[in-house]
Structures are given as structure tokens and as C-alpha cells.
Amino acid sequence: MTPAVVLLSGGLDSTTVLAIAKDQGFAPHALSFRYGQRHGCELDAAARVAAQLGVVEHVIADIDLRRFGGSALTADIAVPKGRSAEEMDSAIPVTYVPARNTVFLSFALAWAETLGASDIFIGVNALDYSGYPDCRPEYIAAYEQMANLATVAGVEGRQRLRIHTPLIDLTKARIIQRGLALGVDYALTSSCYDPDAHGRPCGGCDSCLLRAKGFAEAGVADPLLNRFENP
């Protein structure tokens with residue numbers, strides 16, 4: 001099987017992407033990050049997902065973006081709650097972590113080169129999202145072009161890196177439907193920006209609202225909520 005690096009946060013999107021990579025015949029090497037985020041339950045979710053879907057290896061890399069702050073996820077800044085769709089579209093929110101996807105993709109690129117892999121999967125989405133600039137197709141295209149100039153394997157012609165973004169033009173509902181068709185158990189995932197100590201979602205942050213909208217439009221109940229209602 002062809003190796004691929006899959007960025008796995010433990011959230012709904014990255015879990016779906018992992019399932020897609022496996023369905024396409026790749027041998028997935030999952031990469032998660034302990035980057036100074038305000039909660040660790042997403043890493044617990046990533047470990048659950050990696051174990052349930054089956055990966056060749058799951059690496060959790062330690063970096064400290066909290067040293068720079070600048071985000072409600074890496075500094076003592078309140079997470080916005082109860083925003084309308086119009087508010088989400090109006091400006092980039094404080095939950096944006098500066099250059100996060102660039103940092104994550106750089107780690108993925110380094111691992112891909114050592115694995116001899118030419119494929120990286122990332123769950124960016126340019127529709128049902130919070131306006132992050134590093135989720136746009138033009139960003140991914142530019143990074144892919146740069147990446148092929150940045151490694152020995154690329155320069156020597158041994159690697160032609162491709163960044164796969166299978167969710168980039170899908171609504172959250174379509175993402176959920178795709179995952180369910182592949183057997184994804186979304187009860188294992190964690191999407192909330194501000195969960196409690198047990199991982200229970202707050203229900204009011206942008207990520208929770210977009211997730212709830214997706215499940216409603218897909219016409220299915222969110223099994224994560226059922227897990228907390230029926231522990």
C-alpha cells in the first residue's frame with residue numbers, strides 16, 4: 001500500500017479525511033499536534049479515531065504555539081459563543097491560530113519525505129468553516145507548489161508531493177454523509193473549541209454550531225451528544 005501522511009486533529013473533518021485516505025487504498029500515517037491548545041480532549045479523540053480506523057502509526061508532535069498566543073485556542077482569550085452565520089462570515093474570528101496549517105503541513109512534509117511518501121491529506125474546508133485564510137484552495141495550491149521546491153526528494157525528482165483536500169468544497173452535511181458511508185463513528189470525535197473537563201461540547205462556539213448545522217442538514221443525530229447523554 002502507498003504510504004500517506006494524514007493530519008488528524010480528532011475532529012469531524014480530519015476523521016472523515018482519514019477514512020477517505022484508507023478507502024482510496026493509502027496506508028495512513030496519522031499526525032497530530034500538542035501545540036499548546038487550551039484543551040487536550042481533541043488528542044484523546046485523535047487517539048480513539050486512529051485506533052478505530054487503523055493507521056500504520058500515530059505520531060503526536062509537541063510544539064508550543066502558546067508561546068506566541070494570538071488566538072483564543074492558545075491564549076487566555078474568551079472563545080466566542082452564539083455567533084450567527086452572518087457574524088461568522090463577517091471577519092476572521094479569534095479562534096484562528098496564526099499560521100497553524102502552515103506549521104502543521106511543514107511537519108507533515110518532513111515526515112512524508114522520510115517515509116518516501118508523495119501524499120498528504122488535510123481536512124480543510126472552504127464552505128462550512130469560520131473564515132480561516134489557511135483553508136482556502138489558493139493557499140493549498142501555493143503550499144503544494146512551495147513544498148515541491150523545498151525537499152531533496154522533490155528537487156531530485158524522487159517525490160512529487162500532492163496535498164489532498166477531499167473536503168474542501170463540501171458542506172458539513174455532505175462531509176458527514178460521506179463519513180457515514182465509510183463507517184465513521186463520529187461519537188469518537190471532538191470538535192468543540194471550549195469543552196468541559198470531560199470533553200463535553202459547549203454547544204455555542206462556532207465549531208459546535210457548524211457541526212450541529214451539518215448533522216441537522218444531513219438528517220441524522222450527532223452520536224457525540226448521545227454519548228454524553230448516555231455515558
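Is Asp 13 buried or exposed? Asp 13 is buried, with a relative accessible area of 15%. The cut-off for buried is under 20%, so Asp 13 falls into that class at 15%. This is a predicted model.

- Asp 13 sits in helix α1, which spans residues 12-23.
- Leaving aside residues up to four places away in sequence, Asp 13 touches Gly 123, Asn 125, Leu 167, Lys 172 and Ile 175.
- The axes of α1 and α7 cross at roughly 45° and come within 9 Å.
- That angle makes α1 oblique to α7.
- The α1–α7 crossing is left-handed.
- On the α1 side, the contact uses Leu 12, Asp 13, Thr 16 and Ile 20.
- On the α7 side, these meet Lys 172, Ile 175, Ile 176, Arg 178 and Gly 179.
- By class, the α1–α7 contact has 4 nonpolar, 2 polar and 3 charged residues.

- Lys 172 lies in helix α7.
- Lys 172 counts as buried, because its relative accessibility is 9%.
- Lys 172 takes part in the contact of α7 with α1, and it also belongs to the contact of α7 with α8.
- Lys 172 and Glu 217 are 45 residues apart in sequence, and their C-alpha atoms are 8.4 Å apart in space.
- Helix α7 covers residues 172-181 and helix α8 covers residues 206-218.
- Their axes are 7 Å apart, and the two helices pack at an angle of about 65°.
- That angle makes α7 roughly perpendicular to α8.
- The crossing of α7 and α8 is right-handed.
- From α7, the contact draws on Lys 172, Ala 173, Ile 176 and Gln 177.
- From α8, it draws on Leu 210, Arg 211, Gly 214, Phe 215, Glu 217 and Ala 218.
- The α7–α8 contact divides into 5 nonpolar, 2 polar and 3 charged residues.

**The α4–α5 packing**

- Helices α4 and α5 pack at an angle of about 35°, with 11 Å between their axes.
- The crossing of α4 and α5 is right-handed.
- Helix α4 contributes Asn 101, Thr 102, Leu 105, Ser 106 and Leu 109 to the contact.
- Helix α5 contributes Tyr 139, Ile 140, Tyr 143, Ala 147 and Ala 150.
- Sorted by class, the α4–α5 contact has 7 nonpolar, 3 polar and no charged residues.

**Aromatic pairs**

- The structure holds 7 aromatic pairs.
- One of them joins Tyr 35 and Phe 104 in an edge-to-face arrangement.
- The Tyr 35–Phe 104 ring centres are 5.5 Å apart, with 65° between the planes.
- Tyr 35 lies in the loop between β2 (26-34) and α2 (41-53), and Phe 104 lies in helix α4 (residues 100-115), so the pair ties together parts that are 69 residues apart in sequence.
- Tyr 35 and Phe 104 are both buried.
- Another pair, Tyr 96 and Tyr 132, is tilted: 6.0 Å centre to centre, 45° between the planes.
- The Tyr 96–Tyr 132 pair links distant parts of the chain, 36 residues apart.
- Tyr 96 is in the loop between α3 (85-90) and α4, while Tyr 132 is in the loop between β4 (119-121) and α5 (137-150).
- Tyr 96 counts as partly exposed, because its relative accessibility is 21%.
- Tyr 132 counts as buried, because its relative accessibility is 7%.
- Ring pairs also link Phe 33, Tyr 35, Phe 104 and Phe 107 into a cluster.

**Ala 50**

- Ala 50 is in helix α2.
- Ala 50 counts as buried, because its relative accessibility is 5%.
- Not counting residues up to four places away in sequence, Ala 50 touches Leu 8, Val 55 and His 58.
- Ala 50 and Val 103 are 53 residues apart in sequence, and their C-alpha atoms are 21 Å apart in space.

Terms used:
Residues are numbered from 1 along each chain as its sequence is written. This is a predicted model: local features need pLDDT of at least 70, side-chain atom pairs count only at pLDDT 80 or more; totals for chains, interfaces and linings use all residues. Side-chain values use heavy atoms; hydrogens and water are left out. Axes are lines fitted to C-alpha atoms, for helices over the stretch in contact, and angles run from 0 to 180 degrees between N-to-C directions. Helices (H or I, at least four residues) and strands (E, at least two) are DSSP runs, numbered from the N terminus. Angles under 35 degrees count as roughly parallel, over 145 as roughly antiparallel, 65 to 115 as roughly perpendicular and the rest as oblique. A crossing is left-handed if the near helix is turned anticlockwise from the far one by less than a right angle, and right-handed if clockwise. Contact means heavy atoms within 4.5 Å. Ala, Val, Leu, Ile, Met, Phe, Trp, Tyr, Cys and Pro count as nonpolar, Asp, Glu, Lys and Arg as charged, and the others, Gly among them, as polar. Rings of Phe, Tyr and Trp (its six-membered ring) pair if their centres lie within 6.5 Å; planes under 30 degrees apart count as stacked, over 60 as edge-to-face and the rest as tilted. Buried means under 20% relative accessible area, exposed over 50%, partly exposed in between (1.4 Å probe, protein chains only).
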